[in-house]
Amino acid sequence: MWTGIAFSALAMTAIVAVRYLATSGGFALLTRHVRPGYHTKLGPQIRREISWSLASAAIYGIPAGVVAWGWQEHGWTRIYTGWSDYPVWYLPMAPLIYLFAHDTWFYWTHRWMHRPRLFRIAHAVHHASRPPTAWAAMSFHPWEAVTGAVVIPALVFLVPIHVAMLGLVLLVMTVMGVTNHMGWEMFPRRLVHSRLGEWLITASHHQRHHEEYRCNYGLYFRFWDRLCGTDHGLSANI
């Protein structure tokens, strides 16, 4: 049993690390094309971001690996594989539930991390990226990484989701985590400044958080920022 758990945890850690390197690396290359010179003189910072992110990959990968083992060997979770196991309308509903739940958890833990003592102990690692780059997506102190690593593993025990829709959630989580830190806006201006864009977080919104610190705490949606009066709008610098 323990061998199987250890193998699953190691495999998932490797998957998370490779996913990070491929996604952040790809968008970093794109940044070089779109914003020539953006990474100039940021070599030491980027190396720190990669080091912290690879440590975070293990913290994310271990619980995910344990849960994956439990799902495959004992059916512990509420992940399902049959397309007809739940109504068709529920297929797209589950990812929205997961993303909103993750966004809610992230908003409040993120605000908590900005309390002076916790900021000095942990969250300052992430904000040491000035300006943030695509490599900063998982650049967290281990204590902060733990708060992010537990969300999806916990949700799969509570909310049914098709394995393909879970893959979609992980894809959105990965891409938005990277693109929000690139320092430039990859989405069309027409979308970012539309009514829909007023409720979605993109690089323009998250960049302002890195500029002002005490605002724009959300991850995917601006719902909690708007409700709690912490939405300061978009950065004027990207």
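Is arginine 208 to be classed as buried, partly exposed or exposed, and what is its relative accessibility? In this predicted model arginine 208 counts as partly exposed, because its relative accessibility is 23%, where buried means under 20% relative accessible area, exposed over 50% and partly exposed in between, computed with a 1.4 Å probe and protein chains only. The model being a prediction, local features need pLDDT of at least 70 and side-chain atom pairs count only at pLDDT 80 or more, whereas totals for chains, interfaces and linings use all residues. Residues are numbered from 1 along each chain as its sequence is written, and side-chain values use heavy atoms, with hydrogens and water left out.

Arginine 208 forms a salt bridge with glutamate 212, the closest N and O atoms lying 2.6 Å apart, a salt bridge being a side-chain nitrogen of Lys or Arg within 4 Å of a carboxyl oxygen of Asp or Glu. The two residues are separated by about one helical turn, because they are four residues apart in helix H9; helices are DSSP runs (H or I, at least four residues), numbered from the N terminus. Glutamate 212 is also partly exposed, at 34% relative accessibility. Tyrosine 213, which follows H9, has a positive phi near 70°.

By the same rule the count comes to two salt bridges. Aspartate 231 forms one with arginine 222, with the closest N and O atoms 2.8 Å apart. Aspartate 231 is buried, at a relative accessible area of 19%, and arginine 222 counts as buried at 6% relative accessibility.

Glutamate 49 lies in helix H2 (residues 43-74). Its side chain makes polar contacts with the side chains of glutamine 45, at 2.8 Å, and serine 129, at 2.7 Å; a polar contact is a pair of N or O atoms within 3.5 Å, of which, within protein, one must be able to donate a hydrogen and the other to accept it, and residues adjacent in sequence count only if both atoms are side-chain atoms.
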